[in-house]
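Hi,

Here is the structure we talked about handing over. Please load it first; my notes follow below.

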Amino acid sequence: MYEKEEQKLYDFKNHLKQVPLPMTQADNAIMQGLERAKREKMQTRAKRKQTLWSMAAVALLILTLVTTIRVSPTFASAVASIPGMDKFVELIQNDKGLTAIFKNDYYQPIGETQTIGHTTLTIDGVILDESGMNIFYTIESPIEINNISIENLVLLNQHELDSTSVSYSSPLPEEESPKIYTDIIKYTFEEPKNFEDLSFTLELKTTLNDNQFDFSVPFIIPENTKPSITYEMEKEVEVDGQKIFIEQVTIHPLRVGVKISFDPTNTKKILQFEDMRLEDENGEIWSSATNGISSSNLTEDGEVIYYLQSNYFEKPKQLYLRIDKIQAVDQEDSYFIVDTDQHILLHSPKDGRLALTDSNRSGFKMTLKMDLAEELPYGIDRQITDANGELIDTRYSGISDVYEGKKFMDIGIEDNGYINPLKVDLFAYPNYLKGTVKIEIPTK
Amino acid sequence: MDETTIAQKAIKGDEEAFIDLLHIHKESLLRTAFAFLKNEHDVLEALQETTYRAFKKIHTLKEPSYAKTWLIRIMINYCQDQLKKDKRLVRSGNEIDSSVSDNLTQIELQEALSALSPNDQKLIHMKYFQDIKIKEIAAIEKIPEGTVKSRLHKTLRMLRKYFEDKGEIDHV
């Protein structure tokens, strides 16, 4: 627990509160900022017509370029043969869906660049579908890149595009060429989208060797998306007496979304699917879209969407959705109860693996017994409520690797005068349903 | 009219509502700026820039009840940009307004915070100085709640390490 460090933070906060504020000048500052923004908006409107024209010219150029490359016999053969693509091979080879996209020419080369000082951002190419956009880019620096981080990233069409997730690698320059950095931005749209206007702008704020670069690169995507395929499944499966509804499977080129919900009368609470995957008649596998943990969004109706690698370009005779490791606990075991005044664990899953080692009103520490072969790549806490059902804000939550047969947990909470005991809902727990899921998905 | 309704109108392009929104949150915005920038002139400029950026982007704000967090985030981003630019210039110490950093512990903490990555600094500011809930931080930063929690945990651990190492040096 971190009382000392947090106390320093709170002291600093109180200290900040005592700084006298220039309230009158502040009103002026607000008005000046507003006037400046308004002035600029007027100017942009006047300019827009002209910009549209030059963009159309660029679009024509790109189209010509793409057609020229298309006829080249090397282009279609393999990913690495696309000029400049060799550097991305490592980043895509583990994703079968992405590999298939290259084999099927669904990757669209772009080649737009922006140079700030002597540092250049190149958008090498993109993959766009209704579910999102993958952006392949390269940053070249005149000096060796010691550290690089992405501070902010915005993708604009006519407006900023809403995303449920944006992912990029933890940036590290290539060992053999430390002046070049390549990565893929994976932008998942909040809702499936069809674009009429295929001109986009990528705003990328990066810190490179402690210098900030604010890139803003407009680009036009030559071809529109291939349509996604949606299957209304409405299938019910029963595993270990628990009902799971597979509602919908949507196959996009970039990912497959599987929408699932659970019977509210289930005696067990299902927490995580560890190995959801698609498998064809030959046992070939399309696994989860992210390494290890499936991305999922809980929608309002208690539905969860899991994302898997895509089989969009493959045409298996048969395709199955399979899950073997389903994390679940009895409903009454789907939470634990801690009293932080009396320092006791009042309730926890009946397997007795959880233990409270330390607690006070601003947090608690616990251990979770783990078998040698067991893995659990998740934190176990979802949300915390007090005796009155008030939601208690978590300040931090950490879980260690297995050490001497145990995982160590450290959870910090807001002491807003809450009433003990606290109920902590489980997010994950190393206990599994007996049984597996295997259902057939229609193929084209 | 409550805050959320005002934010809703502002998102739709109502200029009066936008000004109201900035007035409601100007105190939080100024305090955030003071945590980074130290002198009044820079702080006022930061507020002007935040207003400017917010007005241009207000239509992209999806959840009106998160307007305050959204504005604070713009402010922090701007302040961090400024600090980076300033690093290139040599700064004379007496430029710093003593009203903010007048005791050793505060100065130490500020040092420790400035050693964090910009993203970790942002989380600490939102969570500890503006009391923004994890859920809201997650929504505004577009990262899972679990990630916010574990990053805050990691950051506190780094702060502890910073003070521990520092303590050893001080005692030598």
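Start with chain A, where five strands make an open antiparallel sheet in the order S20-S19-S27-S23-S24. Strands are DSSP runs of E, at least two residues; helices are runs of H or I, at least four; both are numbered from the N terminus. Two strands pair if DSSP finds at least two bridges between them. The edges are S20 (344-347) and S24 (391-392) of chain A, each pairing on one side only. S19 (335-339) of chain A runs antiparallel to S20(A), with three bridges between them. Val338(A) sits opposite Leu345(A) of S20(A).

A caution: this is a predicted model, so local features need pLDDT of at least 70 and side-chain atom pairs 80 or more, while totals for chains, interfaces and linings use all residues. Residues count from 1 along each chain as its sequence is written, and chains are lettered from A and ligands numbered from 1 in the order written.

Next, the cores. A nonpolar core joins buried Ala, Val, Leu, Ile, Met, Phe, Trp, Tyr and Cys residues through C-beta atoms within 7 Å. Buried means 20 or more other C-beta atoms within 10 Å of the residue's own, placed from the backbone. The largest core has 53 residues; Ala33(B), Val43(B), Ala46(B), Leu47(B), Leu71(B), Met75(B) and Cys79(B) touch the most other members. Helix H2 (15-37) of chain B gives the most to this core, 10 residues. A second, separate core of 43 residues includes Tyr307(A) and Val437(A).

Last, the interface. In contact (C-beta atoms, placed from the backbone, within 7 Å) are 42 residues of chain A and 49 of chain B.

Best wishes

Conventions:
Buried ≥ 20, exposed ≤ 12 C-beta atoms within 10 Å, placed from the backbone. Contact = placed C-beta atoms within 7 Å.
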